[in-house]
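Student: Could we look at this structure together, and could you show me how each word we use is tied to its definition?

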Amino acid sequence: MNFHVLTLFPEMILDGMHTSIIGRAMEKDLLTIEAVNIRDFAFNKHQKVDDYPYGGGAGMLMQAEPVYLAWESVASKLAARPRTVYLTPQGKVFDQKMAVELAQEEDLIFLCGHYEGIDERVLEEVVTDPVSIGDYVLTGGELPAMVMMDAISRMVPGVLTNAASGESESFSENLLEYPQYSRPEVWHERAVPPVLLSGHHENVDKWRREQSVIRTAMYRPDLLGKAKLSPKEWQLVHELKKKTVTEKESETEQLQKAISGQEEKDENI
Ligand code: 6GU
């Protein structure tokens, strides 16, 4: 996988990506990261890349030409027209499914905006995938690009040394991950759940699955509709709902939504 990042802050990208698992994958040539400074393609005396928006309004826009030339400097080296991700709160929300899909590409370009955005015309010409990382506003696309590259990288074969860990984690089955414990057996008077010390693998798996269902019901009830729960597990979700009625109403509502969705499916069988 070769990442190409078009940015006004190339050092931010390079400093951020050379650590830990991603750094090791780069040493092993499983990944490359190139940061292209858009300012290098501003062919005016002051290397200016921004200007006022037509029609007025707050802030400055990145101009089309330097962005286009930076993109072209990368795209012209590649055989096929590369998928180009534009980081923007107006994009499709990034998720694990998108990470798995983008990890199949040989090259990916990330276009990071700053100021109030980028002239729409260059976006129309080069962007294939406008992507947001969630419903909040950041000052630029660099952190979102790094978030995406991290999530995509760990789906590239060979990057994770423990191959299994790419699968049995949060979201792979639309359930959150179960809690984990290591030594010592008791810490701050908190004991490790006894089932984990029992050596009974079947019971351990059962306990972990149940914990995943409980966590998902508590923190991410919106995921339950997509998770494949057994009738017994739906029963558990119902019981949790009874317990939470006295708690925050919005959570209860979301749980109710998930339960209603499941009941509709049951009726259709
Ligand atoms: Cl991709 N960019 C910016 N500027 N803010 C964001 C975002 C992206 N995703 C969420 N907030």
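Predicted model: local features only at pLDDT ≥ 70, side-chain atom pairs only at ≥ 80, totals over all residues.

Student: Why is Ser 153 called buried?

Tutor: Buried means under 20% relative accessible area, exposed means over 50%, and partly exposed lies in between (1.4 Å probe, protein chains only). Ser 153 has a relative accessible area of 0%, so Ser 153 is buried.

Student: Where is Ser 153 placed, and why is that helix said to be largely enclosed?

Tutor: Ser 153 belongs to helix α6, residues 142–153; helices (H or I, at least four residues) and strands (E, at least two) are DSSP runs, numbered from the N terminus. Nine of the twelve residues of α6 are buried, so the rest of the structure largely encloses this helix. Among the buried ones are Glu 142, Pro 144 and Met 148.

Student: How do you know what span to expect for α6?

Tutor: The expected span is 1.5 Å times one less than the number of residues. For the twelve residues of α6 that gives 16 Å, and the helix reaches 16 Å from its first C-alpha to its last, close to the expected value.

Student: What makes a group of residues a nonpolar core, and which element supplies the largest share of the largest one?

Tutor: A nonpolar core is a set of buried Ala, Val, Leu, Ile, Met, Phe, Trp, Tyr and Cys residues joined through side-chain atoms within 4.5 Å. The largest has 30 residues, and Phe 3, Leu 31 and Met 148 are among those with the most contacts inside it. Its largest share, six residues, comes from α6. A second, separate core of 22 residues includes Val 49 and Val 67.

Student: How do you know that β1 and β6 pair?

Tutor: Two strands pair if DSSP finds at least two bridges between them. Strand β1 (residues 2–7) and strand β6 (residues 107–112) have five bridges, in the parallel sense, so by the definition they pair. One of the bridge partners in β6 is Asp 107, which partners Asn 2.

Conventions: Residues numbered from 1 in each chain as written. Heavy atoms only, no water.
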